[in-house]
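Take a look at the chain shown here.

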Amino acid sequence: MSNVKVLPLVEPEAVVPCCPPLNERPMSADEAEAAAKMFKALGDPVRLRLFSAVASHEGGEACVCDISDVGVSQPTVSHHLKKLKEAGLLSSERRGTWVYYRVEPSVIAAMGALLAGAAKAA
């Protein structure tokens, strides 16, 4: 007898950009607020390093224990990770005593789409 269960495949979520490409049309106030929140969170060098560490980590997720060496104390790392989560850039999952972070896949695509149109126009 086997205890193996077959799990259904989950389709990846469609990318829903927060905002139109910059050269498509002027942003609404809500779209500008959403984009500013993401870019403001990445405007801090420590947050940008943490975001990059998670995004580039093998498997697409990183334990906080693997990415906390960014030159600030552990409470400060936790604060910055919280800000990245609040901006919708990261999600997290607690496993035992550690927390694992991963970049929301739609975020990078949405940020890229936001800027890609402006790059094509230049």
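Which side chain meets Arg95 in a salt bridge, with 2.9 Å from N to O? The partner is Glu61. Keep in mind that this is a predicted model. The nitrogen and oxygen must lie within 4 Å to count, and at 2.9 Å this pair qualifies.

Now find the two residues along the chain. Glu61 sits in strand β1, which covers residues 61-63. Arg95 belongs to strand β2, residues 90-95.

Arg95 has a relative accessibility of 33%, so Arg95 counts as partly exposed. Glu61 comes to 23% and is partly exposed too. Buried would mean under 20%, and exposed would mean over 50%.

Stay with Arg95. Glu93 also forms a salt bridge with Arg95. Here the closest N and O atoms are 3.4 Å apart. Glu93 has a relative accessible area of 34%, which means that Glu93 is partly exposed.

Glu93 leads on to another partner. Its side chain meets that of Arg102 in a salt bridge, at 3.4 Å from N to O. Arg102 has 25% relative accessibility, so Arg102 is partly exposed as well.

Glu61, Glu93, Arg95 and Arg102 are linked in a network of salt bridges.

Methods
Residues numbered from 1 in each chain as written. Predicted model: local features only at pLDDT ≥ 70, side-chain atom pairs only at ≥ 80, totals over all residues. Heavy atoms only, no water. Helix = DSSP H or I, 4+ residues; strand = E, 2+ residues; numbered from the N terminus. Buried < 20%, exposed > 50% of the residue type's maximum accessible area, 1.4 Å probe, protein only.
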